[in-house]
Amino acid sequence: MDIQEVIKEQVTTHPVVLYMKGTPQFPQCGFSATAAQILKVCGVKPFSVNILEDAAMRQGIKDFANWPTIPQLYIRGQFVGGCDIMKEMYQSGELQKLLEGLAE
Amino acid sequence: MNVPAMMEARLASLAPSRVEILDDSARHRGHAGAREGGHFRLAITSAAFEGLPTLARHRMVHAALGDLMRNGIHALSISAATPSEFQS
């Protein structure tokens with residue numbers, strides 16, 4: 001399957017998907033760590049994809065949403081943003097609203 | 001020309017009233033991604049952001065920076081405000 005199709009399937013199958021460097025337990029980058037931590041505080045366990053394990057995924061995810069950096073958050077198939085946007089939306093309460101009903 | 005100066009030159013296309021670029025690279029020296037380019041923090045104020053959500057503002061910044069996003073910049077933290085937001 002083409003990498004774009006793989007990503008499409010991931011973001012539509014799972015309600016919350018976080019593409020990051022490393023894993024929520026062992027993030028490999030400060031921005032990815034912050035993104036994972038914000039979701040944790042919101043009580044949401046994302047389907048997380050470690051883009052460092054797959055070179056095709058690492059480039060493919062940048063093309064998918066036409067977004068040049070990682071991490072990237074998708075909620076219900078929609079691209080939400082990266083770490084800065086997640087922080088802003090968390091502080092304004094917008095992120096919690098988007099995640100309503102998805103907490104464990 | 002160094003990367004912050006190149007960033008500032010390209011961001012001129014957004015007609016910003018304020019651009020502050022902080023080079024955070026020294027704090028990230030040694031980690032793998034640092035080889036690909038620097039770590040920067042950008043605070044930009046422009047009337048061009050008026051009425052736009054954060055996502056759209058960041059996309060405008062990415063577009064203005066162009067190939068620097070792939071070549072020269074490894075990580076970029078963006079704070080994009082309108083003049084009235086910056087005042088408050």
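Helices (H or I, at least four residues) and strands (E, at least two) are DSSP runs, numbered from the N terminus. The model described here is predicted, so local features need pLDDT of at least 70 and side-chain atom pairs count only at pLDDT 80 or more, while totals for chains, interfaces and linings use all residues. Residues are numbered from 1 along each chain as its sequence is written, chains are lettered from A and ligands numbered from 1 in the order in which they are written, and side-chain values use heavy atoms, with hydrogens and water left out.

Of the 88 residues in chain B, 41% are buried; here buried means under 20% relative accessible area, exposed over 50%, and partly exposed in between (1.4 Å probe, protein chains only). Contact means heavy atoms within 4.5 Å. Among the contacts in chain B with a separation of 6 or more, 66% come from residues 24 or more positions apart.

The two chains also meet each other. In this interface, 13 residues of chain B are in contact with 14 residues of chain A. The area buried between them is about 1100 Å², with carbon and sulfur atoms giving 57%; buried area is the accessible area (1.4 Å probe) that two parts lose on being put together, summed over both. L55(B), R59(B) and H62(B) supply 38% of the area that chain B buries against chain A, more than any other three residues. On the side of chain B that touches chain A, α2 (54–65) and β3 (72–81) of chain B each supply at least two residues. The residues on this side comprise 5 nonpolar, 6 polar and 2 charged. For this sorting, Ala, Val, Leu, Ile, Met, Phe, Trp, Tyr, Cys and Pro count as nonpolar, Asp, Glu, Lys and Arg as charged, and the others, Gly among them, as polar.

Helix α4 of chain A, residues 83–92, links the inside of its own chain to this meeting place. Its buried residues are C83(A), D84(A), I85(A), M86(A) and M89(A). They pack against α2 (30–41), β3 (72–75), β4 (78–81) and α5 (94–98) of chain A, together with α2 and β3 of chain B. After α4(A) comes G93(A), whose phi is positive, near 90 degrees.

The structure holds 0 disulfides over all chains, a disulfide being a pair of cysteine sulfur atoms within 2.5 Å. For C29(A), the nearest cysteine sulfur is that of C83(A), 7.9 Å away. C29(A) is buried, with a relative accessible area of 16%. The sulfur of C42(A) lies 13 Å from its closest cysteine sulfur, in C83(A), which is too far for a bond. C42(A) also counts as buried, at 17% relative accessibility.

Some backbone details are worth a look in the loops. The loop between α3 (55–64) and β3 of chain A holds P71(A), which is joined to I70(A) by a cis peptide bond with omega about 15 degrees. N66(A) is found in the loop between α3 and β3 of chain A. Although not a glycine, N66(A) has a positive phi of about 50 degrees, and at 60% relative accessibility N66(A) counts as exposed. In chain B, A15(B) sits in the loop between α1 (3–11) and β1 (18–23). A15(B) is not a glycine either, yet has a positive phi of about 50 degrees, and A15(B) is exposed, with a relative accessible area of 58%.
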